[in-house]
Amino acid sequence: MERGCYNAKFDIRKMRPLSKTLVIVLLISVVSVGSYFFLVQYFSRQEALQTEKTAIFFARTIDDALRRLEHLPFVISQNPAVVTALENGSGEALNRVLKSFAERANAAHVFLMDASGKTVAASNFESPDSFVGNSYTFRPYFRDAMLGKTGRFYAIGATTGEPGYFISAPVFDRLGEIIGVVVVKTELASLNLAWRDSGEQILVSNPDSVVVLASDRSNLFQILRPLTADVRRNVEIAQQFGDRPLLPLDWQIGESGQVSLNGIRYFLSQAQISQEDWTLHLLTNMSAIRQRAALTIAGGVALLFGLIIASTSFRSARLRKALGQSDADRERLTREVEVRRAAEADLKAAQDELERTSRLAALGQLSASIIHELGQPISAMRNYLTAEEIAAEAMPNSLNPALSGLVDRMQSINNQLRVFASSDIGETRAFDLRRASDASVELVAHEVSASDITLTRHYADGPVNVLGNQQQIEQVLVNLLRNAVDAVAGRSRREITVHVDCGHGRAFAQITDTGSGLRGRSITDLQEPFMTTKPSGQGMGLGLAISAQIAKKMNGRIEACDTSEGGAVFTLWLPLTEDLA
């Protein structure tokens, strides 16, 4: 007996977790089903508010489309050429005028009828289905206009077979008598296409319940409710819908704003189109609302199970947190290493700049010594050569051209070294950088011409005023131009472009060539003293170094880069100034 009781207790204890699980699953199922029906009702109310606004928007769009050309028939009727065509009974001269009106107003057709209803001119006079010669007295818009009113009528074209909205206006002669009617037809097919592309299910019905616009073309010109005999007779007299049978749609209005179309249930929102007393029906598929509710419930259930799983994974979460902290520490160390590397790079750059400054300072001291030692001998040699030329009554530099050229070269080198020996930039004044460029171009004109180089200048329309020593700036530009001449020499395409203008609040002179480019060198490399790519004897490598020093003394700089076509661009930047002496 005791053993049996023990077994019973054991079985209950063993089943308890299973029963608990079944109760939880049952509870979740009941809550999910109840929530589903609640969400369907909630989402339906929300959809009703949204679709009502959407329906009003679409209705206003149609209203705007119907009113867009409402004024055009009246405007055309005031044209003297229209009156003349009706009085003469011939509209040949008016056809192209009406075609122009239609094209400019984006109207489907514009045509003119006389008092008998015969079309005397039309914008489609050149097409096979031209309105010219046809009579449309059966249309209400003709009768309304002949009564002196503005006619409006939506119908399928009796000649073209294309549906459209017709607006008419009477034409008065000089005595105030109605002698004809101007009609403008506009097509609304673009609205059908726009609705179809947007995915909306839309029907627009007239007061007789005939569907005149629809996002689904298969629903066009069908009826939402049976037509009375009088209405059907009027439709046939006006030939409003041609030979369309006007069959009834599978349309049933239910409760709570729902409707069934072709066996599919929709949520219905309606809006009135005041221009023609039409009704817009915006249909929202109920299956989408049910799907949204089901997805919400599924998401909630998934979230619940996710929480359950998360609660059982607490230890693994702690482990992930520890690993995350480790990753964060590693990232912090990585950032610190990167910061240290950046600091080392900045230090290296500062050291390089210090070394370069030291080299330039040493070069300045060396230059001062060379200038001091060579200045007097050069002057003595020049005076000696000049005295000999005067005594021999010879032209300058003609007695000993080689020696004269050597003296000139020594003097030129001495003058270049003078830039490093002195920090004084000389007399400064405001000047137009365009004029300095012109002077520099003139100095190298002979070399440009001798090498058959095409040199083009592009200058700003107004002055480009800078403050500095114009002579030294011209020296910089001449150096850059001569470098460009050397770069393009011997190449099949020899072109140099000089561009002077303003940009980013500074003035610049830019020299572009079609040479071989920088060949991987930077402007820092090119500005090093005695750095040259020219053959021995053709340059000391001081040109760009001197130019950089001059630019720096005038608060400017020189930049260089390759062009996409393989050449090089050197740009001299200088501060702008407003004053011009």
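Two strands pair if DSSP finds at least two bridges between them. Strands (E, at least two residues) and helices (H or I, at least four) are DSSP runs, numbered from the N terminus.

With that, the first topic. An open sheet of 5 strands runs in the order 2-1-5-4-3, with antiparallel pairing. This is a predicted model: local features need pLDDT of at least 70, side-chain atom pairs count only at pLDDT 80 or more, and totals for chains, interfaces and linings use all residues. Residues are numbered from 1 along each chain as its sequence is written, and side-chain values use heavy atoms, with hydrogens and water left out.

Back to the sheet. Its edge strands are strand 2 (119-122) and strand 3 (151-156), and each pairs on one side only. The twist averages 25° from one strand to the next. Angles run from 0 to 180 degrees between N-to-C directions, and axes are lines fitted to C-alpha atoms, for helices over the stretch in contact. Strand 1 (residues 109-114) and strand 2 run antiparallel, joined by 3 bridges. Phe111 has Ala122 in strand 2 as its bridge partner. Helix 4 (residues 92-105) packs on this sheet and touches strand 1 and strand 2. The direction of helix 4 makes about 55° with that of strand 2.

Now the loop between strand 1 and strand 2. Lys118 is found there. The cut-offs are under 20% relative accessible area for buried, over 50% for exposed, and partly exposed in between (1.4 Å probe, protein chains only). Contact means heavy atoms within 4.5 Å. Leaving aside neighbours within four places in sequence, Lys118 is in contact with Leu112, Met113, Gly133, Asn134 and Ser135. Take Gly133: it sits 15 residues from Lys118 along the chain, with the C-alpha atoms separated by 5.9 Å.

Strand 17 pairs with strand 18 (residues 568-575) in the antiparallel sense, over 6 bridges. Two helices to mention here.

Which residues of helix 13 meet helix 15? Gln472, Gln475, Val476, Asn479, Leu480 and Asn483 do, against Gly543, Leu544, Ile546, Ser547 and Ile550.

Last, the cores. A nonpolar core is a set of buried Ala, Val, Leu, Ile, Met, Phe, Trp, Tyr and Cys residues joined through side-chain atoms within 4.5 Å. The largest has 41 residues, and Ile62, Trp251 and Leu280 are among those with the most contacts inside it. Helix 1 (residues 2-67) gives the largest share, 6 residues. A second, separate core of 36 residues includes Leu481, Ala484, Ala509 and Ala551.
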